Amino acid sequence: MRMGYTPLGQGLVRLFEPVMPTALGNSVARLLRAAGVTGRNAVIAVPLLWLLLFFLIPFVIVLKISFAEYATAIPPYTDLIQWGDDALMSIKLNFGNYLYLVEDDLYVAAYLNSARIALVSTVMCLLIGYPMAYAIARSSPANRNILLMLVILPFWTSFLLRVYAWMGILKNNGIINNLLMGMGIIDEPIVMMQTDFAVYLGIIYSYLPFMILPLYANLEKLDVNLLEAAADLGCKPFKAFLLITLPLSLPGIIAGSMLVFIPAVGEFVIPSLLGGPDTLMIGRVLWDEFFNNRDWPVASAVAIAMLVFLVIPIMLFQHYQNRQGQS
Amino acid sequence: MKSILGRIRFLPVCLALGLAFLYIPILSLIIYSFNESKLVTVWSGFSTKWYGELFRNQQIIDAALLSLRIAVMSACAAVVLGTIAGFVLARMRRFRGRTLLAGMSMAPLVMPEIITGLSLLLFFIALEKMTGWPNGRGITTVTIAHITFSMAYVAVIVQSRLADMDPSLEEAAMDLGARPLKVFFAITLPIVAPALISGWLLAFTLSIDDLVIASFVSGPGASTLPMVIFSKVRLGVSPDINALATIIIGIVALGVLLAALAFKRQERLQGQDARLANLADD
């Protein structure tokens, strides 16, 4: 238990020594307690109020604006609450924005396309990431930390710049085409930039560490004795993997998959840098709706619809996250 | 026996290929930052001229300084707020709003950035209409947005660290008459200090890396580094961005190396302590 006592911690304690309860502090505390403000409540209130103000209320506002009408005004939407002549308040909800989303092929296609791209990328991440996580979990403890660091390191460098790196690799006079043409394998460059292929590659590349880390955390805890027992009883390694390792690692698979799938659905940077003009993804549609068309109500409706679409994956993630936290 | 050998070889090959996949793009960024040609991917000789070009680009330098300022401020605030949230969730079992707090401090982890960005911008505009604050958007609004989503990461780290920690230490201090505030600063905080450091670094990285949320909540004259990079690379590859990437990768690699060395040293000291303790027991 000594390990926690780092110099920083001790320094902090000394720093706060002067403000530790004194006679003055005690009387202030008594006053506050009399007013119903206990230390406990104050401590709870700080993060709660911050998140209410800057997380929950903003969502309520998006919800509200999604039911408003577009107007040429500043800000460009109508008020929901209107006061009649007889001072009666009336609330006008406009479902037009949502109807518009369903009727216009563009939005339906963008949702379906985002879901498809995110799903395929998630499966690919799982197929690439699972053997990697398993290999790291089965390596010696000394190597394990180094390998894990190698997986995490790209995450600490800029996401934007790592996506940008693929532009140099994939473009017509990029590294791959130069290499293949230099070796005489192809005569004309293969078009890879501004295709769905580039978007898949970018998403798999960017989100692979998010798949490996929860899988590793899960596989590391796997009891090797189970596999040995299976082998002793004559079970082939691959069958043992299917019957023991795979089912036991399900929480890791789900956590990793959700960590890839959810942000991939709303991805904006990768389709706009690597994708072509016809790579429709919902994050990009929302961006254009807001910044180019300046239609805030429709952009808000797109956001709410995306959230509804993601509620099930998000709840699945939280469920497994809580279960892992308890165990 | 043969199939076991087969599997043993299969896994390291997968790992090596996967790591190559992760590192080849990064290596290509570094290599072509030293390329003389403006064509980025056509090698025409070694040169460091793009680094000179980068340091003469006032727009990029201003944006980098702004991003650093925002990242330091938001990481410090996120660590304070996130530690309180994590502590409350790990140590206070029952209070009104617990489910709400747990949900809200978990949600930013999985929320698509584009929704967070949109909702915060619409919130700031509505707030300004009602109260007059924030007067325009810029460094303050970006910092608030970054605090909000990175405090969730800190809260999760601190919460899991506290869940691993033995509460009997805190209870013992309380039994000996220490007040809750004193217990927190004398016992809890030193134990979670490593979690606070990793939380700070994570919050700093998330802030300095964020493009989408900053694009929504920032205003004219407050373009962060990712915003400047994005508007530049949208038009195509440019060698001075490669130079910038190489500098960032260098700083990160150096930081990770130092952290690893510090970790090793601490581990060795702990090993010595354990051996001494064993000797004393004998």
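**Helix packing and chain contact in a predicted two-chain model**

I start in chain A, where Ile203(A), Tyr207(A), Phe210(A), Met211(A), Pro214(A), Leu215(A), Ala217(A), Asn218(A) and Leu219(A) of helix 9 meet Pro251(A), Gly252(A), Ile253(A), Ala255(A), Gly256(A), Leu259(A), Val260(A) and Ala264(A) of helix 12. Contact here requires C-beta atoms, placed from the backbone, to lie within 7 Å, and helices are DSSP runs of H or I with at least four residues, numbered from the N terminus. The residues of this contact divide into 14 nonpolar, 3 polar and no charged, where Ala, Val, Leu, Ile, Met, Phe, Trp, Tyr, Cys and Pro count as nonpolar, Asp, Glu, Lys and Arg as charged, and the others, Gly among them, as polar.

Please keep in mind that this is a predicted model, in which local features need pLDDT of at least 70 and side-chain atom pairs count only at pLDDT 80 or more, while totals for chains, interfaces and linings use all residues. Residues are numbered from 1 along each chain as its sequence is written, and chains are lettered from A and ligands numbered from 1 in the order in which they are written.

The axes of helix 9 (residues 196–220) and helix 12 (residues 250–265) of chain A come within 8 Å and cross at roughly 160°, the axes being lines fitted to C-alpha atoms over the stretch in contact, with angles from 0 to 180 degrees between N-to-C directions. That makes helix 9 of chain A roughly antiparallel to helix 12 of chain A, a label for angles over 145 degrees.

In the loop between helix 8 (175–182) and helix 9 of chain A sits Gln194(A), whose phi is positive, about 60°, although Gln194(A) is not a glycine.

Turning to chain B, helix 4 (residues 98–110) and helix 6 (residues 139–164) pack at an angle of about 110° with their axes 8 Å apart, which makes helix 4 of chain B roughly perpendicular to helix 6 of chain B, the range for that word being 65 to 115 degrees. The residues of their contact divide into 8 nonpolar, 2 polar and no charged.

In the loop between helix 5 (113–131) and helix 6 of chain B we find Pro134(B), joined to Trp133(B) by a cis peptide bond with omega of about -10°.

Finally, how many residues of each chain are in contact with the other? For chain A the number is 83, and for chain B it is 78. Helix 3 (residues 39–66) of chain A gives the most to the side of chain A that touches chain B, with 17 residues, and that side divides into 64 nonpolar, 15 polar and 4 charged.

Methods: Parallel < 35°, antiparallel > 145°, perpendicular 65-115°, else oblique.
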